[in-house]
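Look at the model first, then read on.

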Amino acid sequence: MVRVLQIIEDMGLNSGVSSMLLNYYRYMDHEKVNFDFMTFKPVPENVREFCKANCSRIYEVGALTGKRVIDGSLKRKIEAVLSAHAAEYDIIHGHEPNAAFIYMKLAKKYGIKCRIIHSHNARGADGAVKKLRNFLLNNYGLKFSNVRCACGQKAALYLYHTLDGVKIINNAVDTSRFMFDENVRERMRTELGLQNAFVVGHVGRFAPQKNHEYLLEVFKKVYEKNNSSVLLLIGGGELFEDIKAQAAKMALESCVRFIGITDDTAAYMQAMDVFVLPSRYEGLPVVCVEAQAAGLECVLSSEITREVNLTGRVKFLSIDSKNTGTWADTILRYAGGTQTLAPGASAGKFPERGKECYTKKRQADAALVADAGYEISREGVRLQNYYIRLAKRARRHGDRYGR
């Protein structure tokens, strides 16, 4: 068996990286490859139970903060784990590049021969000071790794400044779970009281990166032109209450629904008519893969990599402050014919879909996502085999082996 120690800040439902990693883990043969986890945030009980059922250990080393880096308490916690357990691991796989200068250096010190850094973002932080800090820390951490992975080309170029020698690991999903289901759509829209609404959907952590302030400005213009519109916001985070307050100040309380964190994003996506993500930066967002698997039209920030367009029904728009009207008009193109389509009805206001049945067309998008290399049942086996190859090479050649 190949044992992998995964280093991840947050294993909660609100984290796209956690969603990606646990998706992959579910579709591996745990007698061939097994994961343990080192994490910096408290682990939800359902994730803890999943790990326990799969004989995976979780090492919680406390918050990843500047204070704990400076006073050495974070390093001491990590070193206590690695000094005791490093010999048990063939591979360490780090998803937090800005902390790699601590855990990768220690992994090398204690003899873990295969050390993977994984880039999940196309930008380092929100502010100039944090960007500079992460640039310096990331480049120092890279000195102690010997395998480079990324979720896409833009994320690879951000962290490594090259595509050479970088393994792209797609943010794959269970397309069958997200495939459009007319019955689920009807149930969800009934439960939410949205039978006749035009539903604009967004999934994302409430943080500066996701740009919720801009999304509310866009949606206000959508609502002014179509007062049957409703915005579903799924997720949690440090700005949750601030964004709720902003919605109230803009008199949007009646048409913006704050769903919070959920383990059933797929069901909510069935209820949506269009998916919107005006992020300031991303790597290759797994929620966009999920939305396309659900057959949704997507309107995304132009800061997001074009690699995420798997179905041909993704629009990229600038998040310039003067462009909110264009966003609203683009979103409203998808307002016709989507609310209460009966089986066999056509979506006549969708020129891209012609006369095809709305249900069949949304279902067909799951196959497009799968064929693009984003079906987790296939990609999980590929990543499993990749780990096995890396472990074999590391055992033969130590730190010096090809990727």
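Two strands count as paired if DSSP finds at least two bridges between them. Helices (H or I, at least four residues) and strands (E, at least two) are DSSP runs, numbered from the N terminus. The model is predicted: local features need pLDDT of at least 70, side-chain atom pairs count only at pLDDT 80 or more, and totals for chains, interfaces and linings use all residues. Residues are numbered from 1 along each chain as its sequence is written, and side-chain values use heavy atoms, with hydrogens and water left out.

Axes here are lines fitted to C-alpha atoms, for helices over the stretch in contact, and angles run from 0 to 180 degrees between N-to-C directions.

Strand β6 (residues 147-150) pairs with β7 in the parallel sense over three bridges. There, R148 stands opposite V166 of β7. Contact means heavy atoms within 4.5 Å.

## Helix α6

Helix α6 (residues 128-142) has 15 residues. From first C-alpha to last, α6 reaches 21 Å, close to the 21 Å expected at 1.5 Å a residue. That expected span is 1.5 Å times one less than the number of residues.

Which residues of α6 are buried? They are N134, N138, G141 and L142. Buried means under 20% relative accessible area, exposed over 50%, and partly exposed in between (1.4 Å probe, protein chains only). Seen down the axis of α6, the buried residues fall within an arc of 90 degrees, so they line one face of the helix. The arc is that of the directions from the helix axis to the C-beta atoms. The face turned away carries the exposed residues A128, V129, L132 and L136. Cover for the buried residues of α6 includes α5 (100-109), β5, β6 and α7 (153-160).

## The six-stranded sheet

A second open sheet has six strands, in the order β10-β9-β8-β11-β12-β13, again with parallel pairing. β10 (256-260) and β13 (314-317) stand at the edges with a single partner strand each, so one side of each is left without a neighbour in the sheet. The twist averages 20 degrees from one strand to the next.

Two helices pack on this sheet, and both touch β8, β11, β12 and β13.

| Helix | Residues | Direction angle |
|---|---|---|
| α13 | 286-293 | about 170 degrees with β11 |
| α14 | 324-332 | about 170 degrees with β12 |

Now take β12 (residues 297-301). Five of its five residues are buried, so β12 is largely enclosed by the rest of the structure. Four bridges join β11 to β12, and the two run parallel. F275 has C298 in β12 as its bridge partner. The chain crosses from β11 through α13 to β12, a right-handed β-α-β crossover. Right-handed means that, with the strands pointing away from the viewer, the path from the first strand over the helix to the second runs clockwise.

Four bridges also join β12 to β13, in parallel. V299 has K315 of β13 as its bridge partner, and S301 stands opposite L317 in β13.

## Residue H212

H212 lies in helix α10 (residues 212-225). At 2% relative accessibility, H212 counts as buried. Leaving aside neighbours within four places in sequence, H212 is in contact with H202, G204, R205, F206, A207, L233 and I243.
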